[in-house]
Amino acid sequence: MTDSSTNMRLKLPVACFILEIILIILFGVLVEYDNDTDAKKFNINKNHSKSDVHDGHGAGTSDNTDYQNDFYYRYPSFQDVHVMIFIGFGFLMTFLQRYGFSSVGFNFLIAAFSLQWATLMQGFFHGLHDGKIAIGVESMINADFCTGAVLISFGAVLGKTSPLQLLIMAVFEVTLFAINEFILLTLLGTRDAGGSMTIHTFGAYFGLMVTRILYRPNLDKSKHKNSSVYHSDLFAMIGTIYLWMFWPSFNSAITEHGDPQHRTAMNTYYSLAACTLSTYAMSALTAHDGKLDMVHIQNAALAGGVAAGTAGEMMLTPFGSMIVGFLAGIISVLGFKYLSPILEEKLKIQDTCGIHNLHGMPGILGAIVGAITAAVVPKEVYGNGLEKVFPDVAKGDRDTSFQGGMQAISLAITLGIAIFGGLIVGLILKLPVLGAPRDNACYEDSIYWEVPGEEHPNQEELTAVRTEETEKINS
């Protein structure tokens, strides 16, 4: 089914080789190990570094400073986030009956590229010292976060784009992500540890704008393939379970050690649990026959993790996090049931995975909850822990109301950059040379993959002849 426009024999290898060679050169010139990774720097003051922090982790060893390396505090969270990126996101998108290879395979490709490019782009804005980007386990987590935003956008254009288009989209989106993140976290002092704004809202509305620009008026020609079958939904549910299990680690991965990290994981944990119950309730309630919809369960049950991203490290309280998750599940199911058809019919937004319902609206909810929590919770509630959550408030540079205002402004900035950036990138992706599939060949693995067991033109005739011969022998 491959034609000359979708043939990737030269286009994809050239793009992959050129991009990777550029990355290798840039890493060689700009990137170095940070103090916790470099052999000389970490060991030069070994007996004194971090000696007053994390007491007890080295008990029973001759030199406890080795076990106070940041690796031992961050790497478990990194593992969980990494699993979410490559297994969770990848398998969540396998619901399409004929697009499983592409869902997992293209997810793998753009994630592997994006995490390298994100290391550089985030380093340019956050970690450039003396002309070098120092990297460690925390920069690996941040690169995975950026990759997550790209994979969210991938969900909007799933089945309608070539791998080359996805790589080009990743180049621009990672760059814009790093710019937005720098504006919010560094310039405005915004708090968004779990990325309700920087990851989910940005990735969702960037992807929605891209898919709007790539609108296909004749996509009905592939409508019969834009659906699931029993086993594809089961595979997608594997992605859901992985994401659901590890989301507390995702939201808490880069928060301050101690109570903020503990609190973020706990708030996310209860938000997800409450969200799951409201998702099941709304799925049955919105169906005329009261049956559960697997699309709702696969996606809306995760909205609680998205919505707890910004306020997770704040003193949201356990019952507060449950309210947030409960609302997120309701909003997400209603979005899948009623809003998605309106977006496609009226605004011509063909959102394959429904990222607006899982990441977009819950991300905005999370940003709003974060702004309100930052503004209304008195700083006395935090005590001496205020500096870990709101360092600018603790230093007296701003009050809680001002912090809440900055959180709200950050949401508006994120939406602006995502929508405008998606518009520009969408126009670039319309170039015919990038090999997008035809309208009647969307949601189909065999366009870009060798599919085992694929029927050949004479396969049906051969099968009929063999069946007839077998019947004669048996008789």
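Biologist: Buried means under 20% relative accessible area, exposed over 50% and partly exposed in between (1.4 Å probe, protein chains only). Is Thr276 buried or exposed?

Modeller: Thr276 counts as buried, because its relative accessibility is 16%. This is a predicted model, where local features need pLDDT of at least 70 and side-chain atom pairs count only at pLDDT 80 or more, while totals for chains, interfaces and linings use all residues. Numbering runs from 1 along each chain as its sequence is written, and side-chain values use heavy atoms, leaving out hydrogens and water.

Biologist: Where is Thr276, and what is it in contact with, leaving aside neighbours within four places in sequence?

Modeller: Thr276 lies in helix α9, residues 259–285 (helices are DSSP runs of H or I, at least four residues, numbered from the N terminus). Beyond those neighbours, Thr276 contacts Trp244 and Ala301; contact means heavy atoms within 4.5 Å.

Biologist: New topic. At what angle do α6 and α7 pack?

Modeller: About 140°, with axes 11 Å apart. Axes are lines fitted to C-alpha atoms over the stretch in contact, and angles run from 0 to 180 degrees between N-to-C directions. That makes α6 oblique to α7: angles under 35 degrees count as roughly parallel, over 145 as roughly antiparallel, 65 to 115 as roughly perpendicular and the rest as oblique.

Biologist: Which residues meet there?

Modeller: Among them, Met169, Phe177 and Leu184 in α6, and Ile199, Phe202 and Val210 in α7.

Biologist: And Phe390, what does it touch, not counting residues up to four places away in sequence?

Modeller: Arg191, Met314, Ala374, Tyr382 and Gln403.

Key: Helices (H or I, at least four residues) and strands (E, at least two) are DSSP runs, numbered from the N terminus.
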